[in-house]
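Visitor: Before we go through this model, could you set each term against its definition as you use it?

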Amino acid sequence: MLLTLAVCAVPNVALAFTEDMSVAQRIANVLLPVGIWWLLLSLTRKIGKAVLWMFPVMFFGAFQLVLLSLYGRSVIAVDMFLNLVTTNAGEVGELLGNMAGAIAMVCALYLPPIAGGIGACVKHWALNDGFMRLNRRLSVCCIAVGLLAFGLGFASSRPYRPLADLYPLNVLYNVGLAVDRTARFGGYAEAVENYRFHSVCELPDSCRRTIVLVVGETSRADRWEAWGYERETSPGMAADTGYVYFRNTLSESNTTHKSVPMLLSHLTADTFADSLYNVRSIVSAFDEAGYSTAFFSNQRYNHSFIDSYGFEADTCLFIKERDGADHYDMELAGLLADRLQTDTASRRLIVLHTYGSHFSYADRYPDSLAYFTPDRPLEATRENRQALDNAYDNSVRYTAMLLDSITSALRHSGGESALIYTSDHGEDIFDDSRNLFLHASPAPSAHQIYVPFILWVSPELSATDGGLLKNARVNGNKQVSSSRSFFQTALHIGGISAPVGDRTLSVADSGYTAPKRRYLNDHNESVTLRGAGLREQDLDYLSRRGVATE
């Protein structure tokens, strides 16, 4: 019984050290839950049954400890639960296959009491009444002290929010939010059936224009040459004067299932929670304005808004769903080239959703294009950081090759064209003493939201409207929110007006106005970067990079 109580208490003790709380709040977050579990364990003499009662606590505890091993802090977030239903089995397998250490740790911690509980049930072990009465008294004392600390926690200078701070109450609350959001998505198709952007194309009838939107995956800005990286990760792009790089760009989310809907709609951190379930994507905005539309993805269906946005297009293909096999992003360039040849419409929108630099990095490019080596092993440990960095940089280099292939196809297709690229979020790769890895942590780091944002304008379009390229270059060093400007810039360059349009957020407009920094937190609240949980070292890092944080 005491072994079970001890392992159940481990996450609470760990969180008492990792979270920003007052002393009273830390004490409450350990003693109050532990006292309740202690009381539950002492309610029956049948120790095996009591231990197995605690299986849900141990399950969430194991999940929590794995999360702490990855991110260093924070409880299991709503987004983590949503990732369970919006991440395909292949991604899960890649991740778990490279986290042997963390998995072994939680197995070593939780399997012994579970096995002991099963054995106790089989052998019908029972504890004596005197021992059980003693444990009940001690558990009540523990609860009493925990309740006292709980009350004092509200008097602390740091606000105390039990639904956000008290483990595992916060986890159960987050489970409820995840279930609610999943259920609401179930009614999305019906909710947007009659939604209209009322968008209109203002281009002359004689104008032939193609807009390509490339949504990247897990690419961080500081690994691109144009952002000052010392490695040649985008060598082919340097000589093309049609590119403009926006070096002061942050995403308003570090998770794909939030970031991509903001990129492909007019929603931002400020409006996401109110409107997500009631609006369509940029695909429909362009369709209403008379554009032919295509959506090609190198990701699998993930039963989220991204799938629905793709299905809005005249032509939609998730290439991994076609044959169940893995594919490289360069196949998207081939699909685009075919679309340019077969689609005779005068105005075309093509959206490409890449797999980019998603872990496992070395699987995102052919072995023959492993420019930086060694690029293995990729087990998620700090000792493997050099190989992880090499593989990650190879994946960025491969993405740059994809962009070059796309712009080459656009040049040869004739007519006016433009490409806009950004990534949904960035990535941690054991960059500092915190040993953070991956993305989608409940509290973001600078590396998870510092993303590349690139515009390319064809010579034909530049000749027709030289202001686009000129304005973009003027705005190149201004602060940009990819979540706000991706949609609005595409609408602007597409010559489309709509009630939701905002030219002040188009990086190609002379009236572009840099927005305040915002972040969409786990509870879908719009907060400042400090409110999102960025540490001083994150803010200092961005400041050294010349990235505004206010």
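Guide: Let us begin with Pro374, which is found in the loop between E7 and H18, where the labels stand for DSSP runs numbered from the N terminus, helices (H or I) having at least four residues and strands (E) at least two. This is a predicted model, in which local features need pLDDT of at least 70 and side-chain atom pairs count only at pLDDT 80 or more, while totals for chains, interfaces and linings use all residues. Residues are numbered from 1 along each chain as its sequence is written, and side-chain values use heavy atoms, with hydrogens and water left out.

Visitor: What kind of peptide bond joins Thr373 and Pro374?

Guide: The bond joining Thr373 and Pro374 is cis, with omega about 0°. Another cis bond runs from Tyr167 to Pro168, with omega near 5°, and Pro168 is found in the loop between H9 and H10. Most residues other than glycine have a negative phi, and most peptide bonds are trans.

Visitor: What makes E5 and E6 a pair of strands?

Guide: Two strands pair if DSSP finds at least two bridges between them, and strand E5 (residues 292–297) pairs with E6 in the parallel sense over four bridges, so the pair meets the definition. Ala294 stands opposite Thr315 in E6. The open sheet has seven strands in the order E3-E11-E8-E2-E7-E5-E6, with mixed pairing.

Visitor: Why are E3 and E6 called edge strands?

Guide: Strand E3 (243–245) and strand E6 (315–318) are edge strands, as each pairs on one side only. From one strand to the next the twist averages 10°, with axes taken as lines fitted to C-alpha atoms (for helices over the stretch in contact) and angles running from 0 to 180 degrees between N-to-C directions.

Visitor: How is helix H18 set against the strands it lies across?

Guide: Helix H18 (residues 385–413) lies across strand E2 (209–216), E3, strand E7 (347–353), strand E8 (416–423) and strand E11 (453–457), running at about 165° to E8; contact here means heavy atoms within 4.5 Å.

Visitor: Why is the aromatic pair of Tyr301 and Phe311 called edge-to-face?

Guide: Rings of Phe, Tyr and Trp (its six-membered ring) pair if their centres lie within 6.5 Å, and planes under 30 degrees apart count as stacked, over 60 as edge-to-face and the rest as tilted. Tyr301 and Phe311 are 5.7 Å apart centre to centre with 75° between the planes, and the pair is therefore edge-to-face. Tyr301 lies in the loop between E5 and helix H15 (305–311) and Phe311 in helix H15, so the pair ties together parts that are 10 residues apart in sequence. A search of the whole structure finds 30 aromatic pairs.

Visitor: How do you know what counts as a cavity and what as a pocket?

Guide: On a 1 Å grid over the protein atoms alone, a cavity is a set of points where a 1.4 Å probe fits but cannot get out, whereas a pocket is an open set with protein on both sides within 12 Å along at least five of seven lines, and lining residues have an atom within 4 Å of a point. The second largest pocket has a volume of about 850 Å³, a volume being the space filled by probe spheres set on the points, which are joined across faces, edges and corners. Its lining has 35 residues, of which Ser74, Arg158, Arg161, Ala164 and Asp165 lie nearest the centre, and the largest share, five residues, comes from H10.

Visitor: How many cavities of 30 Å³ or more does the search find?

Guide: The search of the whole structure finds four. About 60 Å³ of space lies in the largest cavity, and of the 14 residues that line the largest cavity, the closest to its centre are Asp79, Asn254, Ser441, Pro442 and Asp522.
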